[in-house]
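Please find below a colleague's note on the structure shown here.

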Amino acid sequence: MDLAINPFSSGTRLRDMIRSIRACKTAAEERAVVRRECAAIRAAISEGDQDYRHRNMAKLMFIHMLGYPTHFGQMECLKLIAAAGFPEKRIGYLGLMLLLDERQEVLMLVTNSLKQDLNHSNQFIVGLALCALGNICSAEMARDLAPEVERLLQNRDPNTKKKAALCSIRIVRKVPDLAENFMGAAVSLLKEKHHGVLISAVQLCTELCKASTEALEYLRKNCLEGLVRILRDVSNSSYAPEYDVAGITDPFLHIRVLKLMRTLGQGDADCSEYINDILAQVATKTESNKNAGNAILYECVETIMGIEATSGLRVLAINILGRFLSNRDNNIRYVALNMLMKAIAVDTQAVQRHRATILECVKDADVSIRKRALELVYLLVNDTNVKPLTKELVDYLEVSDQDFKEDLTAKICSIVEKFSQDKLWYLDQMFRVLSLAGNYVKDDVWHALIVLMSNASELQGYSVRSLFKALLACGEQESLVRVAVWCIGEYGEMLVNNISMLDIEEPITVTESDAVDAVEVALKRYSTDVTSRAMCLVSLLKLSSRFPPTSERIKEIVAQNKGNTVLELQQRSIEFSSIIQRHQSIKSSLLERMPVLDEANYLVKRAASTQATVSSVKSAPTVTPGGQPKLPNGVAKPPPAPLADLLDLSSDDTPVTTSAPTTVPNDFLQDLLGIGLTDSSLSGGAPSTSTDILMDLLSIGSTTPVQNGPPTSNFIPPGIAETKPVAVTPQVVDLLDGLSSSTPLPDENAAHPTITAFQSATLKITFSFKKQPGKPQETTINATFTNLATTTFTDFVFQAAVPKFIQLRLDPASGSTLPASGNGSVTQSLTVTNNQHGQKPLAMRIRMSYKVNGEDRLEQGQISNFPAGL
């Protein structure tokens, strides 16, 4: 074709450029072609070539879409727009929308051309100007051209009205203050018959509602009737081929109108009442066997849930979502689950009716549906349905995919902890979860389980037998192994002797050797898990005390780790072997059963720790005014007696500011218990306050603090005869856990008689007390140490630990040698200051170390019989 005859037939050269670019085999070849074409276009622009200006602009737009710079052609767009003919304007406006945006300064030059074209007699040129303005309009252009656009909303041509309405949306978004100019015109457009105009008008009304509260109130009063009429007409209209989609008349208009109704009815009872009937009609008449019908039903349900609808209408909406859950289309089921999660806050009972269908969705093949259904089930759980729902979830846990087990396990554990009021049921569910998915159970969950078992004395036998059987059957589950070996170590004699049998149990035959075998297998299986192996070693050490005939075998098993490359396990092995072989005199007292853990304090601290990262924790215990704490698992703790709160866990949530720690020869708890804990004091800094209380109780040293553990309390390190008073430094919590909770409150007027603070077969300690006038909080204690044995004690050292509200100063002892048979004594003065005098009594743990014929001896005890008033 001769281009000189028809200069607007520019396709040939554009096709040639596209063909040559697509023929390039490398990026370098493509860049060369583009450079060559850009050079030719620049030359044509410089020469002022008008015949091929539109063709060059088309080529520049293609080059722009490939990502190459085309800024040099921006002025050509303006020249084409200023041309008189429609073809040039079409290419010019298209280039304007592609090559420029509202941030370009050159855009200001086109404002006058746009204004002229908006007033043009040719509707197609007006349409071009409206399209361009609707795509690149800036705030300045909006203010300048808003009157022209507003006038065009009353144009006779429906296409012009539609484009003017869409352009108005852009103007309102850019300049919300202009919203009031378009309110009346928008309402008048709702009376049109053309569906394109109606959709644009509805969208304009929606944008006006967002831009101005004044516009929202105006539209509530003036457009509801029109919206109801539109929705009724399209719902009842006969077949119209130009608007039909899968047998549904214009679903797009349906959806736009429903969205606007939701905006208008939200928070307004009158508007909601006005549209209730039409919403019910749409919900019942729309066919649900087509995707277009489902889209309308979904939008109708969302509108019903978003306005002040009647309860009957909400039930109808939730039933529609229930039908969606049975649909084979995954997308429909997913959006139904999403909507049900919102609906549960509005009408829980209506959603509960579809519980069985939701549970089936938890087992769906699609992972997105499974996760969403699981979250919905979690929201559906209450005190009445917790047991059947948990059973369904636990049964599915056995066959669920590995990728889904972590989420499912977390939800089940949360449900059981949150809603359990029966300890036996709680234990059964947790044991089953540990058996099926113990590798996915988080640390704070099995920590809480151990705390519960420690408090449930009547279920300890049942627990250890259940865990022993589970360990034999499912020994590959990590958390199960940890809980099981802890239980076997603590309650091994209950396992072997079938103590505390429940009616639902059948007796099992377990020998002492079987118990040791189970722990040994776990120790060997978890060769790479330091925590599990450390717990196994502690369990074996305790079993050596519970089952004396197995001591030699246990010593051999423990000794196998003496050369372990992990320092923690090596240290434990060496120290435990020493306890079994050389320290028979203290082994029984050292390895006695752990004191009952304070569940109330543990739960409070756990909740406080979780609240640091989560905005709200529903599982935290709440205290009603004048009542007891509400705790899960059926626990009801009585109000603690003053002495039970020695560590002040419930009232001191803020960390205590401490001075720089004084270096001490050894960590007190490490020396006191004789087992290896990570000694953080040797590094020169205070130990981490986030160490888990339970991990401390289990004697598991770790350099990494457990995330969910409560902060440890502060203790004054023990005094040594040669040392000066030391500052308060954080230490491990549970030194004073075993103190009696029945000690009476102090009486300041009572006398302070001499007491026997400690007495064993070899050593006796007496305390006498002296008060300074005017200092009721300060007490001077004179300690007298007497050797009851027939052998002299040498290198005698006395040490003591007190709670954080007490300050302790030890003066040097009168000597370090205790004559045999009470033929002399050693004295030492202690000064204690009770900062909560009259509220909390004194309490103290003591340790005495000495040598007998060169052999080290250690004795320790707890003093809880201080006179009242100290």
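**Notes on the predicted model**

1. Cysteine 209 counts as buried because its relative accessibility is 9%, where buried means under 20% relative accessible area, exposed over 50%, and partly exposed in between, with a 1.4 Å probe and protein chains only. The model is predicted: local features need pLDDT of at least 70, side-chain atom pairs count only at pLDDT 80 or more, and totals for chains, interfaces and linings use all residues. Residues are numbered from 1 along each chain as its sequence is written, and side-chain values use heavy atoms, with hydrogens and water left out.

2. The residue belongs to a helix: cysteine 209 lies in α11, residues 195–211. Helices (H or I, at least four residues) and strands (E, at least two) are DSSP runs numbered from the N terminus. Which residues are in contact with cysteine 209, leaving aside its neighbours within four places in sequence? They are Leu216, Leu219, Leu260, Thr263 and Leu264, contact meaning heavy atoms within 4.5 Å. Threonine 263 is 54 residues from cysteine 209 in sequence, and their C-alpha atoms are 7.6 Å apart.

3. For the chain as a whole, there are 35 helices and 14 strands. Of its 870 residues, 51% are buried. Among contacts between residues at least 6 apart in sequence, 67% join residues at least 24 apart. The accessible surface is about 39,700 Å², and 49% of that area belongs to carbon and sulfur atoms; the areas come from the Shrake-Rupley method with a 1.4 Å probe, and for residues only the protein chains shown count as cover.

4. Helix α10 (residues 179–189) has Ala179, Phe182, Met183, Ala185, Ala186, Val187 and Leu189 as buried residues. The buried residues of α10 pack against α8 (139–152), α9 (158–174), α11 and α12 (213–222).

5. Helices α23 (residues 402–419) and α24 (residues 423–437) pack with axes 10 Å apart, at an angle of about 170°. Axes are lines fitted to C-alpha atoms, for helices over the stretch in contact, and angles run from 0 to 180 degrees between N-to-C directions. The pair α23 and α24 is therefore roughly antiparallel; angles under 35 degrees count as roughly parallel, over 145 as roughly antiparallel, 65 to 115 as roughly perpendicular and the rest as oblique. In α23, the residues that meet α24 include Ile412, Cys413 and Val416, and their counterparts in α24 include Trp425, Met430 and Leu436. The residues of this contact divide into nine nonpolar, two polar and two charged; Ala, Val, Leu, Ile, Met, Phe, Trp, Tyr, Cys and Pro count as nonpolar, Asp, Glu, Lys and Arg as charged, and the others, Gly among them, as polar.

6. How do α24 and α26 (residues 460–473) cross, and within what distance do their axes come? The axes come within 10 Å and cross at roughly 20°, and the two helices are therefore roughly parallel. Leu424, Leu427, Asp428, Phe431 and Ser435 of α24 meet Tyr462, Ser463, Ser466, Leu467 and Ala470 of α26. This contact comprises six nonpolar, three polar and one charged residue.

7. Most residues other than glycine have a negative phi. Aspartate 250, however, has a positive phi near 45°; aspartate 250 sits in the loop between β2 (248–249) and α14 (251–265) and counts as buried because its relative accessibility is 6%. Asparagine 498 also has a positive phi, near 55°, and is found in the loop between α27 (478–497) and α28 (512–525).
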